[in-house]
Amino acid sequence: MMSTSTIGFPRTGPKREAKKALEAYWAAGAANGPQLLAAAADIEAAAWRRQAEAGVELTGLDGTLYDQMLDAVFQLGLLPPRFQALKASAEPSPADGPYAGGGGLDLYFKLARGAEGAPALDMSKYMDTNYHIIVPELCHDTAPCADWSPLLDRVRRGQDAVGVASAVPIVVGPCTLVGLARGEFDRSEMVARLAPAYAQLLRDLAALGVPEVQFHEPFLTKSSAEGLAADCAACYGQLAAAGVPINLVVPYDDVAEGTYRWLIELPVAAISLDFCGVPVHSSGADYGCRTAQLIAKYSFPKDKRLGAGVIDGRGCWADASGRALRLLRALRATLGADQAICVQTSTSLQHLPYDLASEPELPSGLPAPLAFAVQKVEEVVTVARAASAATDGAAPAEPHIDLSTYTGAPPPAECQLDEALFRRAEPYEGRRPKQVALPPFPTTTIGSFPQTPAIRRHRLAFKQGRLSLDAYRERMAAEIGFAIGAQEALGLDVLVHGEPERTDMVEYFGQQLSGFHFTQHGWVQSYGSRYTRPPIIVGDITRTGPMTVHEYEVAQGLTSKPVKGMLTGPVTILQWSFARNDVPRAEQAAQLALALRDEVKDLAAAGCRVLQVDEPALREGLPLKADRQPAYLRWAVDAFRLATAAAPPEVQVVTHLCYSDFDDIMPAIHAMDADVLTIENSRSGDEMIHALAASGYTRDVGPGVYDVHSPLVPSVEWLADKLRSYLQAGLLGGDASRIHVNPDCGLKTRRWEEVLPSLRNMVAAAQQLRAEL
Ligand code: GLN
Ligand code: ZN
């Protein structure tokens, strides 16, 4: 028999109940703690019961008020000094429930959201997903001061909901917590320092009679984790001594070969591996299932249970091809009848919408049936039963499947596109003199302007059919007119239309391209109370007509200054959607690129001289394994080039990147062959400036001069100093004609009251610097 387990589930509730409860708590203040905790308890119990009722034997007790990493930081008491003071003065009350001992709910949320004088902990993308964790902030003398009451309370509730034998606590493992933390400290020493606090948790859980505990250690999938053998052995040796069986869960990719060899020696009861990874992230060469190959090569210890993450936890597709079942049979055949195997999803299901049954409408002709979280749990159970039936007792012998060559799907065909499509008609040196002539320190913005209540109202009225297309366009034209007028008055050099017609930079294009489906309730948590509704790529992507030309023309018709055409790049559209898994991602990126390429041609034909193609998610999709990164970067950069290379030499192609660390992909950024790179910079100190200077970047750059997430208006002096610092750092050899002046990112979440003075100061700073030249 194969057993079944879950390792994480949406924490949102089927109708985003968690968001409502959180927002109500924040609005009403601390006295509302009991309501928040009661709402969370209901959401969690319903989710756990749902999994148990589907037939899962071991239910992972997923749940959080905000984020799982924040939970670990809070319960371990890993507070940076600025929050220690807040904790000392906090006065938790019974209304804080199990959070009282750690400093109360108010402190918990302040860690995530900041407080007067105590900026929040950083937020960062989790592994290679679009989910953001709260980043632990540690230093040499950080010492844990644990109070695990919230987790223990969750376990008691879980035991009530699904029974003591089925309720399995989940905790973020020490290597992942330390691995993803920021600050100056010794990693090995910190893992060792945390171990006793985790051991204490295990003793408390033993007293509650839990069957086992899941330690989530996705950090072990990174290439760099190969060197963590000693840390992990010491730490898990100590934890194993506490007497509770440990299930070491290693999701989000396969592990490196070097890691696998020591991982299977750790003294834990079960190891859960990811057999899905990112299924189609490259074209051909790497299209396999390395976890299966590692098991074929090094086997798997008989005294441990293998957690087989064969159901894809983060793609929205059902396993229609029977891949999971074939894989389980092959594992059984290789490892023998006495090997304990537990069927699972490859990752937590937190990256998926809750339940497909809530969708009123589904498109026909899908490449495969869809499966959201509830359906994935059902698949786990079904496939486990099928695999057990086929291998137990008298079932006919399976044809032998060789795990070492297991791929699970046919290798995708290579993309056959003419190489010339990826090259601009003229090399950079030839085309730059033909492009717009701008003053030194040319000023511009990144695209969006404030999305005012009026703009939202117009869009909604149009969507609901209360406003005709003509009337809607008139309203949008008025908004564009206002934005152009404002920019003219401010004296900016390169203008934008302001993006009033776009709810979202991916949704807007998805809705106009064929091949996308938009769900009504497919919300996925991005962080805390923020959710996104990723579109689903359901077919071949084609452009059905111009998508942005009308708005560009309206804007350009109002000014003699150049207005930027504004597109979202192919990689970002793909990355922020649910991709198909029957077609390589490289090919989907190429389809998107070809569609955008037609838009580029149309914009150029309409007279557009500066064209911005945003790729903020380019870095996010970078595979976790170093050996897979070159292939990804190749197709990602190719997609960008395919989309933009159709721009005539006279058109200045701009790209925009933000909110990731780009220093490790500088060669790929060069290879994008954009004429101008605008890049978020203020939040990362001047690291970006140094990385650009060091990499010998020679094309125009616009490093963000101020943080768009702050409501503060930067002063002229401050902005001018910033620009001087670029010259001092030797950026582009101090050539001011190549240093563009712009904010970090789009301004859609700001108010005009903030935007106008900030941009006025930005232009003034640029003028001051020009005068100094
Ligand atoms: N052009 C987009 C905007 O200004 C870019 C957004 C982004 O980088 N995330 O909103
Ligand atoms: Zn941005």
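Student: At what angle do helix α2 and helix α6 pack, and how far apart are their axes?

Tutor: Before that, a word on the ground rules: this is a predicted model, where local features need pLDDT of at least 70, side-chain atom pairs count only at pLDDT 80 or more, and totals for chains, interfaces and linings use all residues. Residues are numbered from 1 along each chain as its sequence is written, while chains are lettered from A and ligands numbered from 1 in the order in which they are written. Now, α2 (residues 33-53) and α6 (residues 149-162) pack at about 45°, with axes 9 Å apart. Helices here are DSSP runs (H or I, at least four residues), strands likewise (E, at least two), numbered from the N terminus. Axes are lines fitted to C-alpha atoms, for helices over the stretch in contact, with angles from 0 to 180 degrees between N-to-C directions.

Student: What do you call that arrangement of α2 and α6?

Tutor: That angle makes α2 oblique to α6. Under 35 degrees counts as roughly parallel, over 145 as roughly antiparallel, 65 to 115 as roughly perpendicular, and the rest as oblique.

Student: Which residues of α2 and α6 make the contact?

Tutor: From α2 you have A41, E44, A45, W48, R49 and A52, and from α6 R154, R157, G158, A161 and V162. Contact means C-beta atoms, placed from the backbone, within 7 Å. By class, that contact has six nonpolar, one polar and four charged residues. Ala, Val, Leu, Ile, Met, Phe, Trp, Tyr, Cys and Pro count as nonpolar, Asp, Glu, Lys and Arg as charged, and the others, Gly among them, as polar.

Student: OK, next pair. How do the axes of α3 and α5 cross?

Tutor: Helix α3 (residues 68-76) and helix α5 (residues 105-113) have axes that come within 10 Å and cross at roughly 125°. That makes α3 oblique to α5. L70, V73 and F74 of α3 meet Y108, L111 and A112 of α5. This contact divides into six nonpolar, no polar and no charged residues.

Student: Why is α5 called largely enclosed?

Tutor: Because seven of its nine residues are buried. Buried means 20 or more other C-beta atoms within 10 Å of a residue's own, exposed means 12 or fewer, and partly exposed is in between, with C-beta atoms placed from the backbone. The buried ones in α5 are L105, L107, Y108, F109, K110, L111 and A112. They pack against α2, α3, α4 (81-89) and β4 (132-134).

Student: What follows α5?

Tutor: G114, with a positive phi near 80°.

Student: And which non-glycine residue has a positive phi of about 45°?

Tutor: F441. F441 lies in the loop between α14 (428-431) and α15 (453-463), and F441 is buried, with 24 other C-beta atoms within 10 Å. S299 is not a glycine either, and its phi is positive at about 60°. S299 is in the loop between α11 (290-298) and β10 (305-311), and counts as partly exposed with 13 C-beta neighbours inside 10 Å.

Student: Switching topic: what surrounds ligand 1?

Tutor: I446, G447, S448, M505, M566, D614, P616, H656, C658, C745, G746 and K748. To be near, a residue needs its C-beta atom, placed from the backbone, within 6 Å of the molecule or strand. The shell around ligand 1 splits into six nonpolar, four polar and two charged residues.

Notes. Two residues are in contact if their C-beta atoms, placed from the backbone, lie within 7 Å.
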